[in-house]
Amino acid sequence: MKIGIDIGHNCPPDTGCKGIKCEDDLNLNVGNKVIEKLKTLGHQVVPCQPTNADTVKASLTKRCATANAANVDIFVSIHFNCFNGQANGTEVYAMSEVGKKIAKSVLDEIIKLGFNNRGIKDGSKLFVLKNTIMPAILIEGCFVDSQKDMKLYNEEAMANAIVQGLINNYSC
Ligand SMILES: [Zn+2]
């Protein structure tokens with residue numbers, strides 16, 4: 001399988017939210033682990049995060065262009081959430097039916113770690129899901145401004161859950 005891994009933000013002015021921890025750091029650390037683990041399992045990985053961009057829109061456009069040009073089988077954008085310090089848990093966005101199946105597979109694995117299940121969300125307004133041509137998901141791993149989530153959070157476990165979810169979906 002050829003998988004486009006999009007490490008969210010990390011491309012100023014495209015930067016993530018800040019809570020107890022910084023979203024950018026978590027996206028990068030979990031994303032890099034996911035990339036390594038998928039490669040170890042024999043999958044082809046296309047990193048979609050650009051090295052620079054003048055605007056947020058340009059950053060998002062480059063991510064989609066990379067995935068589309070490489071014609072990846074699945075596009076996976078990795079993010080973490082922020083809201084009001086109280087909201088917590090995991091949600092995964094998708095648009096297409098295939099995308100929703102992959103999203104559910106990943107969500108099911110992440111909530112096994114103890115995070116609240118916020119469900120599969122409609123991603124039809126998200127730029128990177130609208131502008132990629134293959135099944136695509138955007139993962140909001142958990143909330144970086146939630147005490148509960150940050151106590152539960154473990155980089156290695158989160159990366160393993162994402163990889164397992166992606167693999168389960170394609171194993172038969
Ligand atoms: Zn984000």
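Is Tyr153 buried or exposed? Buried: its relative accessible area is 11%. Keep that residue in mind while we walk through the structure. One caution before that: this is a predicted model.

Let's stay with the aromatics. There is one aromatic pair here. The rings of Phe80 and Tyr153 have their centres 5.7 Å apart. Their planes stand at 85°, so the pair is edge-to-face. Phe80 sits in strand β3, and Tyr153 in the loop between α5 (147-152) and α6 (155-170). That is a link between distant parts of the chain, 73 residues apart. Phe80 is buried as well, at 2% relative accessible area.

Next, the metal. Which residues coordinate the zinc ion? His9 through NE2, Glu23 through OE and His79 through ND1. The distances run from 2.1 to 2.2 Å. Along the chain, the donors follow the spacing H-x13-E-x55-H. Glu23 belongs to helix α1 and His79 to strand β3, so to speak two distant parts of the chain, 56 residues apart. Glu23 is buried, at 3% relative accessibility. His79 is buried too, at 11%.

Now the cysteines. The count is one disulfide. Cys17 is joined to Cys82, S to S 2.5 Å. The torsion about the S-S bond is about 85°, so this disulfide is right-handed. What does the pair tie together? Cys17 lies in the loop between β1 (2-7) and α1 (23-40), and Cys82 in the loop between β3 (74-81) and β4 (90-94), so the bond ties together parts that are 65 residues apart in sequence. Cys17 is partly exposed, at 21% relative accessibility. Cys82 is partly exposed at 22%.

Cys11 is in no disulfide. Its nearest cysteine sulfur belongs to Cys48, 13 Å away. Cys11 is buried, with 1% relative accessible area. Cys64 is in no disulfide either. For Cys64 the nearest cysteine sulfur is again that of Cys48, at 8.5 Å. Cys64 counts as buried, at 3%.

The largest nonpolar core has 33 residues. Which members touch the most others? Ile5 and Ile137. At least two residues each come from β1, α1, β3, β4, α3 (97-111), β6 (136-143) and α6. The largest share is that of α6, with six residues. Take Ile5 as an example. Leaving out residues up to four places away in sequence, Ile5 touches Gly31, Val34, Ile35 and Leu38, among others. Its contacts also include Val45, Val46, Pro47, Cys48 and Gln49. Val76 and Ile78 are on the list too. There is also a second, separate core, of 13 residues. Among its members are Cys48, Val72, Tyr93 and Leu129.

A quick check on helix α3. How far should its 15 residues span? At 1.5 Å a residue, 21 Å; the end C-alpha atoms are 21 Å apart, which agrees. Buried residues in α3 include Gly99, Ile102, Ala103 and Ser105. Val106, Leu107, Glu109 and Ile110 are buried as well.

Now something on the outside. Phe83 is in the loop between β3 and β4. Phe83 is exposed, with a relative accessible area of 65%. Beyond its neighbours within four places in sequence, Phe83 is in contact with Phe143 and Asp145.

Last, the backbone. Most residues other than glycine have a negative phi, and most peptide bonds are trans. Here are some exceptions. The peptide bond from Pro12 to Pro13 is cis, with omega near 5°. Pro13 lies in the loop between β1 and α1. Asn10 is found in the loop between β1 and α1 too. Phi of Asn10 is positive, near 55°. Asn10 is buried, at 18% relative accessible area. Asn71 also has a positive phi, near 50°. Where is Asn71? In the loop between α2 (56-70) and β3. Asn71 counts as exposed, at 51% relative accessibility.

That is the tour. Questions, please.

Terms used:
Residues are numbered from 1 along each chain as its sequence is written. This is a predicted model: local features need pLDDT of at least 70, side-chain atom pairs count only at pLDDT 80 or more; totals for chains, interfaces and linings use all residues. Side-chain values use heavy atoms; hydrogens and water are left out. A disulfide is a pair of cysteine sulfur atoms within 2.5 Å. Helices (H or I, at least four residues) and strands (E, at least two) are DSSP runs, numbered from the N terminus. Buried means under 20% relative accessible area, exposed over 50%, partly exposed in between (1.4 Å probe, protein chains only). Rings of Phe, Tyr and Trp (its six-membered ring) pair if their centres lie within 6.5 Å; planes under 30 degrees apart count as stacked, over 60 as edge-to-face and the rest as tilted. Donors are N, O and S atoms within 2.8 Å of the metal (3.2 Å for Na, K and Ca); water is not among the atoms, so sites may look incomplete. A nonpolar core is a set of buried Ala, Val, Leu, Ile, Met, Phe, Trp, Tyr and Cys residues joined through side-chain atoms within 4.5 Å. Contact means heavy atoms within 4.5 Å. The expected span of a helix is 1.5 Å times one less than its number of residues.
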